[in-house]
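Here is a short briefing to read alongside the structure. Please have the sequence and the 3D view open as you go through the points.

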Amino acid sequence: MAISLKDLNRPALVLVIIANFAIYSAFLAPTLNFGSMVALLKDYENLLPGALVALIVGVLNSQLSHEIKARLVFWRWLHPLPGSFAFTKVAKRDTRIDPDALEAAYGPLPTEPAQQNRLWFKWYREYQNEVGISQVHREYLFTRDWAGLSVLLAVALTPLAFWQMTDSRAWLLAAFLVLQYFLVRRSAKNHGERFVASVLANKSASI
């Protein structure tokens, strides 16, 4: 049985959770030096709440639907999937795509979001096994899932930080978690649009 792209991404997402827990733990240390970190590792009772939260976040992230994650990436409540604006937005921005040729070959291109997504997905199925398409699809799924994780981590770890740390450290951690979301969200948006564009470019080139 072939391994799904989400399964291939799972180890990297586990590393994301571990890295966030490590950063949270570092903020708990009195000072950022080797001795303080070793002492912190021995004080497992302080680390336990953060570890538990990180574990719960990992479980919750797998419960988020692809539409919820797409909303967190594209900031669109209705029709958030990237294929929903394949022809009205993405196709117009990529010089590899010839919308006029596509329209001449396949008739008027849809403008309604759900119809755009259906037609784009139909074309995606033709090219899903192409290496370039598969790679950009995997990158989109990874960054999209990371964006979902970053929101959950920010929501869960921020109040815990104010309980376990000084206010100044808690604010710094909260700022890091929010920044992580915005950076990863931007990356996921770019990968998602590139994924959609790559399918359209392949279809355009086949005419």
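A residue counts as buried when its relative accessible area is under 20%, and as exposed when that area is over 50%, with partly exposed in between. Please keep in mind that this is a predicted model. With the cut-offs in hand, phenylalanine 87 counts as buried because its relative accessibility is 6%.

**Aromatic pairs**

- The count comes to 13 aromatic pairs, taking rings whose centres lie within 6.5 Å.
- One of them joins phenylalanine 87 and tryptophan 123, with ring centres 5.7 Å apart; the planes stand at 90°, so the pair is edge-to-face.
- This pair links distant parts of the chain: phenylalanine 87 belongs to helix H5 (residues 86–93) and tryptophan 123 to helix H7 (residues 113–127), 36 residues apart.
- Tryptophan 123 is buried too, because its relative accessible area of 3% falls under the 20% cut-off.
- Phenylalanine 162 and tryptophan 171 make another edge-to-face pair, since their planes lie at 80° and their centres are 5.0 Å apart.

**An aromatic cluster and charges over rings**

- Phe74, Phe85, Trp120, Phe121, Tyr124, Tyr140 and Phe195 come together as one aromatic cluster.
- Phe85 of that cluster also has a charged neighbour: lysine 89 lies over the face of phenylalanine 85, at 5.0 Å from the ring centre.
- Arginine 71 lies over the face of tryptophan 77, with 4.1 Å to the ring centre.

**A buried lysine**

- Lysine 203 is found in helix H9 (residues 167–205).
- With a relative accessible area of 6%, lysine 203 is buried.
- Which residues does lysine 203 touch, not counting residues up to four places away in sequence? They are Leu102, Tyr106, Trp123, Glu126 and Tyr127.

**Helix H4 against helix H8**

- Helix H4 (residues 66–74) packs with helix H8 (residues 131–164) at an angle of about 85°, and their axes are 9 Å apart.
- That angle makes H4 roughly perpendicular to H8, because the range for this class is 65 to 115 degrees.
- On the H4 side, the contact involves His66, Lys69, Ala70, Leu72, Val73 and Phe74.
- These meet Tyr140, Arg144, Asp145, Ala147, Gly148 and Val151 in H8.
- By class, the contact of H4 with H8 holds seven nonpolar, two polar and three charged residues.
- Phe74 and Tyr140, on the two sides of this contact, are also members of the aromatic cluster.

Technical notes: Residues numbered from 1 in each chain as written. Predicted model: local features only at pLDDT ≥ 70, side-chain atom pairs only at ≥ 80, totals over all residues. Heavy atoms only, no water. Phe/Tyr/Trp six-rings, centres within 6.5 Å; stacked < 30°, edge-to-face > 60°. Helix = DSSP H or I, 4+ residues; strand = E, 2+ residues; numbered from the N terminus. Buried < 20%, exposed > 50% of the residue type's maximum accessible area, 1.4 Å probe, protein only. Lys NZ or Arg CZ within 6 Å of the ring centre and 35° of its normal. Contact = heavy atoms within 4.5 Å. Axes fitted to C-alpha atoms, helices over the stretch in contact; angles between N-to-C directions. Parallel < 35°, antiparallel > 145°, perpendicular 65-115°, else oblique. Nonpolar A, V, L, I, M, F, W, Y, C, P; charged D, E, K, R; others polar.
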